[in-house]
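Here is a friendly note to read alongside the structure. Keep the 3D view open and find each residue as you go.

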Amino acid sequence: MRQLLHFILSSFLFWYSSELVKAQTADLVPGYVILESGDTLKGQLRYRSRDGLKDKIYLKISETEKKYLPLMSLSSFKADSLLYRKIQLGKREVFAKILAGGPVHLAEEEYLRDYQGQSLPAFRLYFRKNESPEWEEVKTGGNKWRSQMAELLQSNPELAGSLENKELSPDDLGRIVRQYNARK
């Protein structure tokens with residue numbers, strides 16, 4: 001009886017420890033980081049928490065080589081198919097998800113917003129033309145974003161006109177700007 005109990009307890013501990021290891025690696029995704037120096041490190045990344053981007057990115061290069069890299073020490077990183085880049089917004093630098101690149105760039109900053117005593121994720125969109133170093137915020141109040149984006153994309157009347165469709169939301173801007181860039 002004692003051996004059976006020992007076997008069951010040992011089996012449970014083995015199972016539990018393997019589940020812990022799985023849980024720790026479950027949110028790792030393939031990708032790379034580009035350091036401020038320009039060096040590229042490839043491996044598997046953990047870069048998000050429930051609150052958004054972490055302050056430090058965990059990079060598993062191999063079974064024996066693992067690093068914690070401060071987010072702001074990077075110039076960009078790619079996790080799965082998502083590209084994040086450090087962008088300059090006035091006097092502050094933020095990491096933003098690049099939604100579109102080309103003649104017009106579109107980026108999304110994720111930040112925490114206080115809502116009735118809770119910190120909730122919120123998003124801001126920014127754009128810039130290829131020749132401009134400055135990022136501008138997409139106006140989000142009411143339908144201001146529609147006229148702002150229609151003016152930006154005016155060289156393609158069909159796409160600029162599509163912004164009048166009331167069923168579109170700012171979430172559709174990435175797709176629209178990618179279409180615009182593909183036609184340029």
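The points below look at charged side chains and their partners in this predicted model.

1. Let's start with K86, which sits in strand β6, residues 82-89. Is K86 buried or exposed? With a relative accessible area of 15%, K86 is buried, because buried means under 20%.

2. Now look at what surrounds K86. Its side chain makes a polar contact with the side chain of E36 at 2.3 Å, and the side chain of K86 also reaches the backbone oxygen of M72 at 2.7 Å. Leaving out residues up to four places away in sequence, K86 touches several others, including L74, S75 and F95.

3. How many salt bridges does a search of the whole structure find? The search gives nine. One of them joins the side chains of R46 and D27, with N to O at 2.7 Å. This pair links distant parts of the chain, 19 residues apart: R46 is in strand β2 (residues 40-49), while D27 is in the loop between α1 and β1. R46 is buried at 14% relative accessible area, whereas D27 is partly exposed at 39%.

4. Another pair to find is K60 and E63, whose closest N and O atoms are 3.0 Å apart in a salt bridge. K60 counts as buried at 14% relative accessibility, but E63 counts as exposed at 59%.

5. Finally, R124 forms a salt bridge with E109, with the closest N and O atoms 3.3 Å apart. R124 lies in strand β9 and E109 in strand β8, so the pair ties together parts that are 15 residues apart in sequence. E109 is buried at 5%, and R124 is partly exposed at 23%. Together with R92, these two residues are linked in a network of salt bridges.

Conventions: Residues are numbered from 1 along each chain as its sequence is written. This is a predicted model: local features need pLDDT of at least 70, side-chain atom pairs count only at pLDDT 80 or more; totals for chains, interfaces and linings use all residues. Side-chain values use heavy atoms; hydrogens and water are left out. Helices (H or I, at least four residues) and strands (E, at least two) are DSSP runs, numbered from the N terminus. Buried means under 20% relative accessible area, exposed over 50%, partly exposed in between (1.4 Å probe, protein chains only). A polar contact is a pair of N or O atoms within 3.5 Å; within protein, one must be able to donate a hydrogen and the other to accept it, and residues adjacent in sequence count only if both atoms are side-chain atoms. Contact means heavy atoms within 4.5 Å. A salt bridge is a side-chain nitrogen of Lys or Arg within 4 Å of a carboxyl oxygen of Asp or Glu.
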